[in-house]
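Welcome, and thanks for taking a look at this structure.

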Amino acid sequence: MVGMFAVAANAVTIKALRVQGEIPVDPTDPFWSPSYGPTAGKHITIEMDPQMITNPMWPNPSTKWVRVKAVRNDKEIAVMLTWLDPTRNDIMVRSQQYKDQVALMFPVNQAGEEPPFTMGGEGERVNIWQWKGTWDKEGAGAAGNAGMQDVEDQYQNMGMGSGGYYMYEPSGQLEMKAALKEGVSGSKDQRAGNGVHTGGATDISKRNSFVDRGMGKNEGVYNPGRATHNILSDASMRRSPVEDLNAEGFSTLTTQAHQDVDGKGNWFNNRWSVVFKRALSTNDQNDTQFSGSKTPMAIAIWNGQNKERNGQKAVTQFHTLEY
């Protein structure tokens with residue numbers, strides 16, 4: 001028992017509530033309220049287990065349970081997960097900094113036996129929906145500096161002397177420079193100071209101050225991940241804070257070419273609530289299709305404050321999502 005509610009330790013069936021109308025993706029919408037609205041009291045609490053299958057094992061993950069709600073209408077299916085996490089970890093710009101994450105996993109092939117819950121196996125592909133706290137904070141689809149975190153997000157009001165931190169960008173002439181104001185090279189622009197340009201990193205030979213505020217957000221040549229449109233670096237490539245992935249066993253995790261999953265997270269009162277939503281059917285053969293009546297579904301949770309990443313996480317076995 002955790003508190004006053006029962007926790008399911010064995011495989012359980014999660015029954016999706018059938019609703020009419022739109023399913024909101026925002027977990028703060030009254031639709032998802034635990035006290036009122038159509039999904040009130042419709043959750044099930046599931047015990048999280050340590051990952052002890054492969055190295056590096058993780059015998060003591062900090063997340064011990066998760067509350068699960070599921071709903072569907074005629075076109076879409078959604079799952080909301082809620083778990084305790086007293087620290088919000090959605091900035092990852094320092095070394096030794098890790099982000100909060102949560103993922104759902106389904107078999108791509110709904111016929112036959114379940115694939116291994118350890119991210120599937122060879123020829124037994126799984127579809128993974130992974131929400132990342134950092135992606136949620138950066139804003140999916142945001143281009144330019146608005147969709148990028150840097151040291152000034154960690155250390156607000158930072159200012160550095162000209163003899164120290166310096167990120168003036170040479171003439172990279174990459175397309176991200178278009179996000180900056182005309183005639184300004186280098187870093188942070190409209191987002192800081194209530195929309196007022198901070199100046200950012202400038203040509204050191206032209207400065208009239210020893211302090212340069214709002215530094216750190218260079219574009220182009222200093223951000224090859226964004227310049228090459230890597231979804232891990234470039235928020236404008238993302239559909240939502242949820243990455244749509246496939247795997248066929250350990251070390252095979254692959255981003256899908258077509259992202260189909262919506263989602264949103266909210267951290268409040270020492271807990272995360274995250275909603276995943278997707279169409280029941282898609283045209284992507286790498287996606288799970290919700291065309292029957294039920295599917296296996298497993299859950300993984302990473303607590304960034306506990307330095308959890310990759311295989312170091314809390315996991316569940318496959319449960320049954322009945323929709």
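Strand 7 and strand 8 run antiparallel and pair over seven bridges. Strand 7 also has a partner in strand 15, again antiparallel, with five bridges joining the two. Please keep in mind that this is a predicted model.

- Seven of the seven residues of strand 7 are buried, so the strand counts as mostly covered, buried meaning under 20% relative accessible area.
- Gln101, Ala103, Met105 and Pro107 point to one side of strand 7, while Val102, Leu104 and Phe106 point the other way, and all of them are buried.
- Glutamine 101 stands opposite lysine 132 in strand 8.
- In strand 15, glutamine 101 has tryptophan 302 as its bridge partner.

**The largest pocket**

- How many residues line the largest pocket? There are 49 of them, and Gln101, Gln130, Lys132, Leu253 and Asn310 lie nearest the centre.
- The volume of the largest pocket is about 1,100 Å³.
- Strand 7, strand 8, strand 11 (242-247) and strand 15 (294-302) each give at least two residues to the lining, and so do helix 1 (133-138) and helix 3 (224-227).
- Gln101 and Lys132, two of the residues nearest the centre of the pocket, are the pair that stand opposite each other in strand 7 and strand 8.

- Strand 13 (residues 262-268) pairs with strand 14 in the antiparallel sense, over seven bridges.
- Strand 13 and strand 14 form a hairpin with two residues between them. Asparagine 269, in the turn, has a positive phi of about 55°.
- Across this pairing, tryptophan 267 has tryptophan 272 in strand 14 as its bridge partner.

- Side chains of opposite charge can pair when their charged atoms come close.
- Arginine 18 and aspartate 74 meet through their side chains in a salt bridge, 2.8 Å from N to O. Arginine 18 is in strand 2 (residues 17-18) and aspartate 74 in the loop between strand 5 (65-72) and strand 6 (76-84), so this pair links distant parts of the chain, 56 residues apart.
- Of these two, arginine 18 is partly exposed at 49% relative accessibility, whereas aspartate 74 is exposed at 52%.
- Lysine 277 forms a salt bridge with glutamate 76, with 3.5 Å between the closest N and O atoms. Lysine 277 lies in strand 14 (residues 271-279) and glutamate 76 in strand 6, so the pair ties together parts that are 201 residues apart in sequence.
- Glutamate 248 and arginine 125 form a salt bridge between their side chains, 2.9 Å from N to O. This pair links distant parts of the chain, 123 residues apart: glutamate 248 is in the loop between strand 11 and strand 12, and arginine 125 in the loop between strand 7 (101-107) and strand 8 (126-132).

**At the surface**

- Ile53, Phe117 and Phe250 make a nonpolar surface patch of about 270 Å².
- Where is phenylalanine 250 found? Phenylalanine 250 is in the loop between strand 11 and strand 12 (254-255), and it is partly exposed, with a relative accessible area of 40%.
- Asparagine 55 belongs to the loop between strand 4 (49-50) and strand 5, and is exposed, with a relative accessible area of 65%.
- Asparagine 55 and glycine 311 are 256 residues apart in sequence, yet their C-alpha atoms are 7.7 Å apart in space.
- Glycine 41 lies in the loop between strand 2 and strand 3 (44-47), and is exposed at 54% relative accessible area.
- Glycine 41 and lysine 69 are 28 residues apart in sequence and 9.1 Å apart in space, from C-alpha to C-alpha.

Technical notes
Residues numbered from 1 in each chain as written. Predicted model: local features only at pLDDT ≥ 70, side-chain atom pairs only at ≥ 80, totals over all residues. Heavy atoms only, no water. Patch = residues over 30% accessible without salt bridge, like charges linked within 9 Å, V, L, I, M, F, W, Y side chains within 5 Å. Areas by Shrake-Rupley, 256 points an atom, 1.4 Å probe, with all protein chains shown as cover. Salt bridge = Lys/Arg side-chain N within 4 Å of Asp/Glu carboxyl O. Helix = DSSP H or I, 4+ residues; strand = E, 2+ residues; numbered from the N terminus. Buried < 20%, exposed > 50% of the residue type's maximum accessible area, 1.4 Å probe, protein only. Pairing = 2+ DSSP bridges. 1 Å grid on protein atoms, 1.4 Å probe; cavity = no way out; pocket = protein on both sides within 12 Å on 5 of 7 lines; lining within 4 Å. Points joined across faces, edges and corners; volume = space filled by probe spheres on them.
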